[in-house]
Amino acid sequence: MVATAFTVTRQKRNCAKCLASIFYGMLVATRLPAARTWWRRQKMLCFRSWGFYLVLGQGKHWKAKLLYFRSGKKISHQYHNQRNELWCVVFGGGILSINNQKKPLMKGETAQIFVNDWHQFLAHVPTLILEIQYGPLCSESDIVRTANAL
């Protein structure tokens with residue numbers, strides 16, 4: 001089958017619906033103490049000041065996460081020594097700063113973050129991002145932070 005603009009758009013829409021369904025299930029489950037405890041023990045669900053993330057899957061050199069940002073919240077200004085990241089906004093949006101260059105990042109848009117790129121995201125509205133990490137080390141220990149820039 002040849003991919004046309006229509007089929008690609010339909011595939012994006014179906015993917016967004018699937019991720020939205022996963023996210024809705026996540027929201028319901030995070031309110032159930034037993035599910036929340038299990039996810040935390042498995043180190044799959046982590047709450048942060050900006051929202052939370054859920055690990056969808058991982059391998060030796062990759063990890064997939066859903067990041068949920070509350071409106072007006074931001075991640076720390078950071079970079080990674082050993083991994084790249086690909087972000088896709090499922091819903092919501094905000095401002096992404098990469099190496100001090102700011103650009104809006106809205107629903108359906110993607111961003112590539114390379115090794116040693118300083119980056120930070122500020123959500124203007126509740127935002128869900130699919131994050132794909134890839135490289136030799138895909139772990140929270142590969143985050144170098146500085147004072148907030150945005």
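Modeller: Start with one residue pair. Ile95 has Leu122 in β9 as its bridge partner. Keep in mind that this is a predicted model.

Colleague: Which way do β6 and β9 run, and how many bridges join them?

Modeller: The general idea: strands of a sheet pair through backbone hydrogen bonds, either parallel or antiparallel. Here, strand β6 (residues 93-98) and β9 run antiparallel, joined by 5 bridges.

Colleague: Is strand β9 mostly covered or mostly open?

Modeller: Mostly covered. Of the 5 residues in β9 (residues 119-123), 4 are buried.

Colleague: In what order do the strands of the open sheet lie?

Modeller: Read across it: β1-β2-β3-β10-β5-β8. These 6 strands pair in the antiparallel sense. At the edges are β1 (45-48) and β8 (110-113), each pairing on one side only. Neighbouring strands in this sheet are turned by 20° against each other on average, direction ignored.

Colleague: How many bridges pair β1 with β2?

Modeller: There are 4 bridges, in the antiparallel sense, between β1 and strand β2 (residues 51-59). Look at Phe47: opposite this residue stands Phe52 in β2.

Colleague: Now side chains. Which residues make the nonpolar surface patch?

Modeller: First, the general idea: in a regular strand the side chains alternate between the two faces of the sheet. Now the patch: Trp62, Leu86, Phe114 and Tyr134 make about 370 Å² of nonpolar surface. Trp62 sits in strand β3 (residues 62-69).

Colleague: Why does Trp62 count as partly exposed?

Modeller: Because its relative accessibility is 41%. Partly exposed lies between the buried limit, under 20%, and the exposed limit, over 50%.

Conventions: Residues are numbered from 1 along each chain as its sequence is written. This is a predicted model: local features need pLDDT of at least 70, side-chain atom pairs count only at pLDDT 80 or more; totals for chains, interfaces and linings use all residues. Side-chain values use heavy atoms; hydrogens and water are left out. Two strands pair if DSSP finds at least two bridges between them. Helices (H or I, at least four residues) and strands (E, at least two) are DSSP runs, numbered from the N terminus. Axes are lines fitted to C-alpha atoms, for helices over the stretch in contact, and angles run from 0 to 180 degrees between N-to-C directions. Patches are made of residues with over 30% relative accessible area and no salt bridge: like charges are joined within 9 Å, nonpolar side chains (Val, Leu, Ile, Met, Phe, Trp, Tyr) within 5 Å. Accessible areas come from the Shrake-Rupley method with a 1.4 Å probe; for residues, only the protein chains shown count as cover. A salt bridge is a side-chain nitrogen of Lys or Arg within 4 Å of a carboxyl oxygen of Asp or Glu. Buried means under 20% relative accessible area, exposed over 50%, partly exposed in between (1.4 Å probe, protein chains only).
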